[in-house]
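Please read the following briefing alongside the sequence and the coordinates.

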Amino acid sequence: MRLAVGLARLAATIAALALALAPHLSHLPPWVSGTVAAAMAWRLAAERRGWALPPRALRYGAALAGTLAVLAGYRTLNGLDAGTALLAVMAGLKLLETRAPRDHAVLIFIGYFLGLAALLYEQSLARLAWVLLVTWLLTAALARVHRPSGADAPVQPFRLATRLLALGLPLALVMFLFVPRIEGRFWAIPASEQHSSSGIDEQMSPGDVAELGLSDDPAFRAWFDGPAPPSELRYWRVLVLEDFDGRTWRRTMSALDLRAPQIEAAGPALDYRIALEPTGRAWLPGLDTVVGWPEELAMRARSLQLVYMDRTLSERRRVTSPLSYSLRSSVAARVSPELLPPDLERRDLALPAGRDPRTRALAATLREGARDARELVARVLERFRTEPFSYTLSPPRLGADPVDEFLFRTRAGFCEHYASAFAVLMRAAGVPARVVIGYQGGELNRYGGYLLVRQSSAHAWNEIWLAGEGWVRVDPTAAVAPERVHGGRLTRELAGEVAPGFLFERYAWLAELRAGWDAVRTAWTERVVGFDPALQARLLDALGLGGRGWQGLAFALAAGFALGAAVLTAWLAWELRPRRGDSVDAAWARVCARLARAGLPRAAHEGPLDYMRRACAAAPASAGLLADFADLYVALRYYPGARPAARARFLALARTLVPRLSPYAGRR
Amino acid sequence: MRLWRQRLGARIAAWSRRRHGADHGTVTITRRRVYILPTRLGLAYAAMLFAMLLGGLNYGNNLALALTFLLAAAGWVAMHECHRNLVGVTVAPAGTRPPFAGDQAEFAFNLAAGSARPDLVVASGEDRARALTVPARGTATASVRVPTARRGRVQLARLRIESSFPLGLFTAWTWIHPELDCLVYPRPAPRDRRAPPPQTEPGVARDGRARGEEDFAALRGFRPGDPPRRIAWKAYARGGELVVKQFVGAAHAPVTFDWASTPGGDVESRVARLARWIVDAEERGDRYALLLPGERVPPGAGIAQRNACLAKLATFRLPAAAAGGGRAA
């Protein structure tokens, strides 16, 4: 079979497919991207040069090899990463045999799927814009592909695609608003694709970090019902680490303890809502001590699964799409003030044997001179402040006794170093202590009225247990770099290094611009990306269909479809209405109608010249005029360069002819 | 399976004929008679959308759902467009081109709509015409072919006009039952030396020379209907206009092709013989008349004369059964 598809058609399909693939380049293995690119280039060259496409055995072999290679690379074919890679490989191999429209359609469908996958990876406005562009191109390619062979007139595929998508938009909106969302999943998402892009790890080993990368990406946003707490109180707890092996702090399994701690709330409660960016982890940040969630927001809070004994929160599953939840916190609550259960106390005092001897000795010294734990804390912090400790994002690596090395040799590090060293000192001195990791600070966005907390605000601090006071927060980093806490963010001057976002601190208008854009993005995330059953229910309530569950949704959907169909039908009918021609057509129609009434209707097969010739014979009195009339009509209609004068003459002739043809009708 | 499909097809055809009746003359395709079904591509598209929907719901990803809904809505609009593309098109018979028996009869139709209608396919039975576009103003002409076996008449019982514009996800179609006839000329008998065409009587030729020795006289411009063998191809090949050689002596007295003068045999072979003579005479540019028992065509020349004579022959002494013609669905 000769290649049935033209180069243009092929190029359109390949271009759309390539753009659909573009967002995936960052996570596709290079061999996949390379294979697809090579297949595209080869196929285009083959089309131009008329090369034969590879034989069937080779294609099947390549398909099998490609599948196996993806399987080997990902150990699965399930899930987003492996699925996307497989789609890309199949697109490349399909290209090798693409000739018939059906092959094109397969490629285009793969392209749509790649667009979908790109949205599963990221739901930003920019990503959506890209996918819409790709969708438009793919639809145009589809419009190009289906055309029956030998179709005569060119149909502008891009205009067609624009039209279909634009006319479909209202209905798509109806479906978006009223198609019920499900809670839960049809099939499990493999753990491998939970991307750990967030700044918070589940463990902490400061000695092993040589360069702390601070991402300026948003971590979450928080809306407070009242005023937000001052920046020195914005400690967002995510995880509590209590197990220490001399190098690494880990969350203990016993932290999964669900015993409710004794909490004495003091001071006003803060009600707020957090919109969390996807983290790929189940942990949820909460401000200081979470004491509950407001009753009126209980519905949203239902998705929250677990509140642990250490007052950290987690979802039922890893957070892979934006998540919103409401909480009530207290910044002055006392947690377990009376009693620390003995098993927990043992855990919070444990240190690995034989590590960090100098630190233990220092702890003993400090302990001896201090009257109580409070004074001990003050002495440790005093030491951090007065000795030449410095804050840096690129600390030296630490060896076998990392705390000793940090406290007595390097004396340079970031929050994790200080938190780790502080906790070890406290434990060695007999004060139960633990490390808390989370976020500190947050910038107020006045356009959106929320606090934005960035990944670069990730922080580590400590909590120590004091009899009668319970768990008390101590932030040793603040002793070294108070700006870290009070300014909310690191500055370049402070760290002596380039911290992310320093440009925005230098130029206020840039910061304003960024805040505005963030407010737009946040609204997008909240309203569109975060559109959930709760928002859907609110929308139904607003429409007066509330309280009926899926019946309300079904009714709204049906009504939307019916209305859409009616509007579309009317629109198409109006658009495809028979056009009343211009004045030339109208004049021609008048003369023809006059002749028809005189018993000389135009036959269906008759061209204008033949018809008028017949008319001339039947009405010799007007023969000359009719002949001119016919000639002018043909010239005006079929000769592209007809002059305006011809038109005027034609219309004048029509005016003369219409009355003249009447007596002729009478004579008959 | 195939038989089953054929039977089903026949039943549907009979049903549509009953439902819509015969369509004589110009037909305007109304909403009532346009049918629409998804194509294979459309079904694949629907399957793709379903998979996308499951994926979007599973991941709880609103933008993925939005993309799915947008594509679904575009498909839905495409369905409306596809249906609408046929509604309002007028189909007018625009003549037939009679074939020789064994060739294909051609039925032409003029399609107009008053607004542009792309990618219409006019089909009859196995024959599918090229896709054509009805312009916003004016008409498009489509012709369908119907195979013939014997002289007489062939009928075009049913015409299918379909379109899968704009995306090929749906096919909308309508059936029209024009019940048009087309003449089928008898296939001329092979040239045979033993049955030479009758000549004009000797001596009637103006200068008495034998045929074929006419003097070349002049060139004149080509007119439609001029026999190709008279065209001065050499002059044309040199880059000139299409001109026709004229010969002195071509203006013979008319020959009469008489039924009685054909060599014996059955009706069909005699008709075929006459057809051969007529076709040859027309190619030579002769003037001739046709005389059949009970019918005659007065002398004349040119393509109109040929067609008039062949038309007489097409239906001459036709068994009643064949006169109705072979139907073509």
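A residue counts as buried if 20 or more other C-beta atoms lie within 10 Å of its own, as exposed if 12 or fewer do, and as partly exposed in between, with the C-beta atoms placed from the backbone. By that criterion, buried residues make up 38% of the 668 residues in chain A. This is a predicted model, in which local features need pLDDT of at least 70 and side-chain atom pairs count only at pLDDT 80 or more, while totals for chains, interfaces and linings use all residues. Residues are numbered from 1 along each chain as its sequence is written, and chains are lettered from A and ligands numbered from 1 in the order in which they are written.

**Chain A**
- The secondary structure of chain A comprises 24 helices and 21 strands, taken as DSSP runs numbered from the N terminus (helices H or I, at least four residues; strands E, at least two).
- Of the contacts in chain A with a separation of 6 or more, 72% are between residues 24 or more positions apart, a contact being two C-beta atoms, placed from the backbone, within 7 Å.

**Domains of chain B**
- An automatic or database assignment sets the domain bounds, dividing chain B into domain 1 (2-184) and domain 2 (249-317).
- The C-alpha centres of these two domains of chain B lie 42 Å apart, and their contact takes four residues from domain 1 and four residues from domain 2.

**A sheet in chain B**
- Four strands of chain B form an open sheet in the order 1-3-4-8 with antiparallel pairing, where pairing requires at least two DSSP bridges between two strands.
- Strand 1 (27-28) and strand 8 (139-147) of chain B each have a single partner strand and stand at the edges, so one side of each lacks a neighbour in the sheet.
- Strand 4 (residues 104-112) of chain B is joined to strand 8 of chain B by nine bridges, and Leu111(B) stands opposite Ala140(B) in strand 8 of chain B.
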